[in-house]
Amino acid sequence: MWVMLAGMSFSIGVLGIFLPLLPTTVFMLIAIYCASRGSPRFEAWIRSRHYVGPLLVNWEQERAIPKRAKIFAVCTIALSAIITVWSLGPGWLSGAVVALLMLIALWLATRPEPSSHS
């Protein structure tokens with residue numbers, strides 16, 4: 001069960017690299033948690049991936065996000081906000097979604113950067 005949940009979370013996390021509103025790090029943290037309970041080998045494999053391993057280590061040790069990742073995330077969130085307004089048009093729903101996206105972007109932007117650049 002743990003390995004299945006880890007695999008699903010890892011897969012969703014990988015999709016999050018390419019899809020704007022899907023958070024990568026959250027699903028990778030869930031994958032690490034589940035894999036550590038079901039398959040330490042799978043956990044080690046996830047941590048060894050160059051596209052998520054350093055991000056996970058930075059988050060676990062310092063609750064920090066590298067500047068490049070923050071810029072990419074905030075730009076992707078801005079694009080998502082534009083697409084939301086364009087597709088939904090003006091109104092309370094698009095305003096609420098954009099406000100939520102802005103809060104998420106603000107939270108991301110204010111996270112510290114790692115002390116050692118990985």
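Guide: Helices here are DSSP runs of H or I with at least four residues, strands are runs of E with at least two, and both are numbered from the N terminus.

Visitor: Which pattern does the protein follow along the sequence?

Guide: The pattern is α-α-α-α-α-α. That is six helices and zero strands. The model is predicted, so to speak of local features a pLDDT of at least 70 is needed, side-chain atom pairs count only at pLDDT 80 or more, and totals for chains, interfaces and linings use all residues. Residues are numbered from 1 along each chain as its sequence is written, and side-chain values use heavy atoms, with hydrogens and water left out.

Visitor: What does the UniProt annotation "transmembrane region" cover?

Guide: According to the unreviewed UniProt entry, residues 12-35, 69-86 and 92-110. UniProt positions follow the numbering used here, feature names are shortened, and annotations may be inferred rather than shown by experiment.

Visitor: Overall dimensions. What does the C-alpha trace span?

Guide: About 50 × 35 × 15 Å along the principal axes. The accessible surface is about 7,700 Å², and carbon and sulfur atoms hold 72% of that. Areas come from the Shrake-Rupley method with a 1.4 Å probe, and for residues only the protein chains shown count as cover.

Visitor: What share of the residues is buried?

Guide: Of the 118 residues, 31% are buried. Buried means under 20% relative accessible area, exposed means over 50%, and partly exposed is in between (1.4 Å probe, protein chains only).

Visitor: And what share of contacts comes from residues 24 or more positions apart?

Guide: Such pairs make up 62% of the contacts with a separation of 6 or more. A contact is heavy atoms within 4.5 Å.

Visitor: Which residues make up the largest nonpolar core?

Guide: There are 11 residues: Ala6, Phe10, Met28, Ala31, Ile32, Cys34, Ala35, Phe42, Ile46, Val52 and Leu56. Helices H1 (2-18), H2 (24-38) and H3 (40-48) each supply at least two residues of this core. The largest share, five residues, comes from H2. A second, separate core has eight residues, including Trp59, Ile77, Ala81 and Leu108. A nonpolar core is a set of buried Ala, Val, Leu, Ile, Met, Phe, Trp, Tyr and Cys residues joined through side-chain atoms within 4.5 Å.

Visitor: What is valine 52 in contact with?

Guide: Thr24, Met28 and Ile46, leaving aside neighbours within four places in sequence.

Visitor: Which residues of H4 are buried?

Guide: Gly53, Leu56, Asn58 and Trp59. The buried residues of H4 pack against H2, H3 and helix H6 (92-109).

Visitor: What follows H4?

Guide: Arginine 63 follows H4. This residue sits in the loop between helix H4 (53-62) and helix H5 (67-88). Arginine 63 has a positive phi of about 55° although it is not a glycine.

Visitor: Is arginine 63 buried, exposed or partly exposed, and why?

Guide: Arginine 63 counts as partly exposed because its relative accessibility is 46%.

Visitor: Switching to charge. How many positive and negative side chains are there?

Guide: There are 9 positive and 4 negative side chains, and the centres of the two sets lie 5 Å apart. Lys and Arg count as positive and Asp and Glu as negative, while His and the chain ends are not counted. The place of a charge is NZ of Lys, CZ of Arg, CG of Asp or CD of Glu.

Visitor: Glutamate 43, buried or exposed?

Guide: Buried, because its relative accessibility is 18%. Glutamate 43 is in helix H3. Leaving aside neighbours within four places in sequence, glutamate 43 is in contact with Ile32, Ala35 and Ser36.

Visitor: Back to H1. What does glycine 13 touch?

Guide: Glycine 13 touches Thr24, Phe27 and Met28, not counting residues up to four places away in sequence. Glycine 13 lies in helix H1 and is buried, with a relative accessible area of 0%. The C-alpha atoms of glycine 13 and proline 23 are separated by 6.7 Å, with the two residues 10 apart along the chain.

Visitor: And isoleucine 82, buried or exposed?

Guide: Isoleucine 82 is exposed, with a relative accessible area of 57%, and lies in helix H5.
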